[in-house]
Amino acid sequence: MSTPIRVAAVGDVHLDRDVVGRYRPALADLGERADVLLLAGDLTRHGTVAEAHCVAEEFGGLPVPVVAVLGNHDHHSDQAPELIETLRGAGITVLEGDTFELDTPGGRLGVAGVKGFGGGFAGRCASAFGEPEMKAFIRTTSDSADRLAAALAKLDCDLRVALTHYAPVPDTLVGEPLEIYPFLGSYLLAEAVDSVPADLAVHGHAHAGTERGRTPGGVRVRNVAHPVIRQAYSIFELSRSAAPR
Ligand SMILES: [Fe+2]
Ligand SMILES: [Fe+2]
């Protein structure tokens, strides 16, 4: 059995001043336990720069690279560029259609990340039909899925992880009201994950959802929203010889 790549991940940490210190103690030994930490969006409560500084305080200066995507909450104050600048200032890599690659003892890891968007799932999904607003909604999702597929395809790595905020599959939404599924994710993201395919897909956003799922192509999906995993982070082991599905 070859050495695995160890991916730590958590989403929906929703930092604000009163949350600072909730995660940090559990991150003390992260360097011995993981090769990288992924943050699956909703890093802040309302997307303010002050909250981004709280994220920087909580997740900056860790012994492993920290790679994030933004979530819908991080856009609420229309300050996403300032948020990203603050996070990057703390050494946190923020992906939106970008890639991150890292050499580890277990091989070269690639991460492709986008926030993603809603639209729903096959058989029950919105389509680009009718009003311009509806077409714009779906175009937002399909553009995001296209950026994810392109980023995954660009990775020249042993193992690949797709990092999103919105869910690629409905499996990990079980527990959420059915009525809001279309606002929690899109099957187009799963199509992107399957197009390469990735070895693991990690997302957040569905606080009342379920941890485990699988894309139609068989890629394992994990909802790492903090209220779901109920710990500072989960660790996933990826192996070149037999990438777990
Ligand atoms: Fe959230
Ligand atoms: Fe969210």
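## Terms and basis of the model

Donors are N, O and S atoms within 2.8 Å of the metal (3.2 Å for Na, K and Ca), and since water is not among the atoms, sites may look incomplete. With that in mind, the donors of the iron ion (ligand 1) follow the spacing D-x1-H-x27-D-x164-H along the chain.

This is a predicted model, in which local features need pLDDT of at least 70 and side-chain atom pairs count only at pLDDT 80 or more, while totals for chains, interfaces and linings use all residues. Residues are numbered from 1 along each chain as its sequence is written, chains are lettered from A and ligands numbered from 1 in the order in which they are written, and side-chain values use heavy atoms, with hydrogens and water left out.

## The annotated region

UniProt, in an unreviewed entry, lists residues 5–208 for "domain: Calcineurin-like phosphoesterase"; its positions are given in the numbering used here, feature names are shortened, and annotations may be inferred rather than shown by experiment. Over residues 5–208 the chain is 28% helix and 20% strand, with the end C-alpha atoms 28 Å apart. Helices (H or I, at least four residues) and strands (E, at least two) are DSSP runs, numbered from the N terminus.

## The two iron sites

The iron ion (ligand 1) is coordinated at 2.0 to 2.3 Å by D12 (OD), H14 (NE2), D42 (OD) and H207 (NE2). Its four donor atoms make angles of 87 to 169°, and the site is irregular; four donors count as tetrahedral if all angles lie between 85 and 135 degrees, four count as square planar and six as octahedral if opposite donors are over 155 degrees apart and all others between 65 and 115, and anything else is irregular. D12 and H14 are both buried, a word that stands for under 20% relative accessible area, whereas exposed means over 50% and partly exposed in between (1.4 Å probe, protein chains only).

D42 bridges the iron ion (ligand 2) and the iron ion (ligand 1), which lie 3.5 Å apart. D42, in the loop between β2 and α2, and N72, in the loop between β3 and α3, are 30 residues apart, and the pair links distant parts of the chain. D42 counts as buried at 1% relative accessibility, while N72 is partly exposed, with a relative accessible area of 29%.

In helix α2 (residues 49–59), the residues E51, A52, C54, V55, A56, E58 and F59 are buried. What covers them includes β2 (36–40), β3 (66–69), α3 (80–89) and β4 (92–94), and after α2 comes G61, whose phi is positive, near 65°.

Rings of Phe, Tyr and Trp (its six-membered ring) pair if their centres lie within 6.5 Å; planes under 30 degrees apart count as stacked, over 60 as edge-to-face and the rest as tilted. By this rule there are three aromatic pairs. The rings of Y23 and F59 have their centres 5.7 Å apart and their planes at 40°, so this pair is tilted. Y23, in the loop between β1 (5–10) and α1 (30–33), is 36 residues apart from F59 in helix α2, and the pair links distant parts of the chain. Y23 is buried, with a relative accessible area of 1%, and F59 is buried with a relative accessible area of 1%. F117 and F137 form a tilted pair, 5.0 Å centre to centre with 55° between the planes. Ring pairs also link F117, F137 and Y166 into a cluster. F117 counts as partly exposed at 21% relative accessibility, and F137 counts as partly exposed at 23%.

## Nonpolar cores

A nonpolar core is a set of buried Ala, Val, Leu, Ile, Met, Phe, Trp, Tyr and Cys residues joined through side-chain atoms within 4.5 Å. The largest has 49 residues, and those with the most contacts inside it are L30, L37, L38, F59, V111 and V161. Apart from this core lies another, of 20 residues, among them A145, L155, C157 and A198.

Contact means heavy atoms within 4.5 Å. Leaving aside neighbours within four places in sequence, V161 is in contact with V7, L38, L109, G110, V111, A112, L152, L200, V202 and L238.
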